[in-house]
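The following paragraphs lead through a protein model, from its overall organisation to individual residues. Please keep the sequence and the coordinates at hand while reading.

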Amino acid sequence: MAGLDDTRLRRLEEFIEPFRVRPGSRVSLHKDFDPAFKAGVKKKKQGVDLLAEGVRLLSEYQARLAAQDKWGVLVVLQALDAAGKDGAIGHVMSGVNPQGVSVHSFKQPSAEELDHDYLWRYAQRLPARGEIGIFNRSHYEEVIVVRVHPEILDHQKLPAGAKKRDVWKHRYRQINDWERYLTENGFRVVKLFLNLSKEEQRARLLRRIDLPDHNWKFSAADLRERGLWDDYQKAFSETLSHTSTEWAPWYVIPADRKWFARIATAAVLVHTLMDLDPRYPTLDKEAQRSLGEIKGLLEAEAPDGAAPDPYGHKHHNGAPAVRA
């Protein structure tokens, strides 16, 4: 089994490597990453099968993660409007136990949140050990949206010295340090940017207008933000360049094909969990002896014609227990 897992891990590493932003590299988003890239997956049908396998593996490893209760995983999702973040979350996490997963979206900060440092509200929503936490938009809004709309800084109650021109350089360092702190304390940070082309975004926004049951998704603000496309591309490129680290690298997910974006997202998450390799806890000899005694008591209660241990009978003989 270990050999099979090692083979899967190597294959996943090869598959996701084109998405990884090499730490220290200088990124130009539109030059370095193709939103239509699909890594040799030729047909959507093949993609559906790959996604199903990814969902299965996520379910298996999430159960191990929860049982071991040692590691936590924070998934950071960033994207432009209409890139498919919600759909990616819904499809990729469809097989996991919802008790072990939390999803948080961050809107305009409250008065209480503005009375704290800019990372405070994100720290309140971090996953616990054994859990997977998903930030649907995240602390990176503070160096992306706020950079495109610097007037937001005026509402963050910052002292004058914290709003100087090098504020972004400072925030990149602070975020890197915070993520390193989390990683060193057992919380793996997985950062995914869903990379959508301008033309595909146009088509998806039109779809929201054309389909009555999608009208609710459209906001006039989406169009205003689209008008700042070049500013956002620059802000994303700068963020990827300065915050992809050895301990928390960015993965740029091609998002022009929703089905491929979901496969790639699942692949990065499965790779992370397989790399952590969580294990089910094992019992010491005294605990095993106690379980054996309890098992004997329960087996003794079996009514006539019933297997003393229906599950054990099925497990060992390959056939379900049958009552007389």
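Of the contacts in the protein with a separation of 6 or more, 79% are between residues 24 or more positions apart, a contact being heavy atoms within 4.5 Å. The model is a predicted one, in which local features need pLDDT of at least 70 and side-chain atom pairs count only at pLDDT 80 or more, whereas totals for chains, interfaces and linings use all residues. Residues are numbered from 1 along each chain as its sequence is written, and side-chain values use heavy atoms, with hydrogens and water left out.

The mean pLDDT of the protein is 92, and 95% of the residues score at least 70; pLDDT is the predictor's confidence in each residue, on a scale from 0 to 100. Residues 316-324 have a pLDDT below 50, and this stretch has 13 contacts in the model beyond near neighbours in sequence. Where pLDDT is low, the predicted coordinates should not be read in detail.

The protein contains 14 helices and five strands; these are DSSP runs numbered from the N terminus, with helices (H or I) of at least four residues and strands (E) of at least two. Along the principal axes, the C-alpha atoms fill a box of roughly 80 × 45 × 40 Å. Of the 324 residues, 44% count as buried, that is, under 20% relative accessible area, with exposed meaning over 50% and partly exposed in between (1.4 Å probe, protein chains only).

Helix H4 (residues 85-92) packs against helix H12 (residues 258-276) at an angle of about 60°, their axes being 9 Å apart. Axes here are lines fitted to C-alpha atoms, for helices over the stretch in contact, and angles run from 0 to 180 degrees between N-to-C directions. H4 and H12 are therefore oblique to each other, since angles under 35 degrees count as roughly parallel, over 145 as roughly antiparallel, 65 to 115 as roughly perpendicular and the rest as oblique. Gly-87, Ala-88, His-91 and Val-92 of H4 meet Arg-262, Thr-265, Ala-266 and Leu-269 of H12 in this contact.

His-139 is placed in the loop between strand S3 (132-136) and helix H7 (145-148). Why does His-139 count as buried? Its relative accessible area is 0%. Beyond its neighbours within four places in sequence, His-139 contacts Val-76, Leu-119, Tyr-122, Ile-175, Trp-178 and Glu-179. Asp-6, in helix H1 (residues 2-16), counts as partly exposed because its relative accessibility is 43%.
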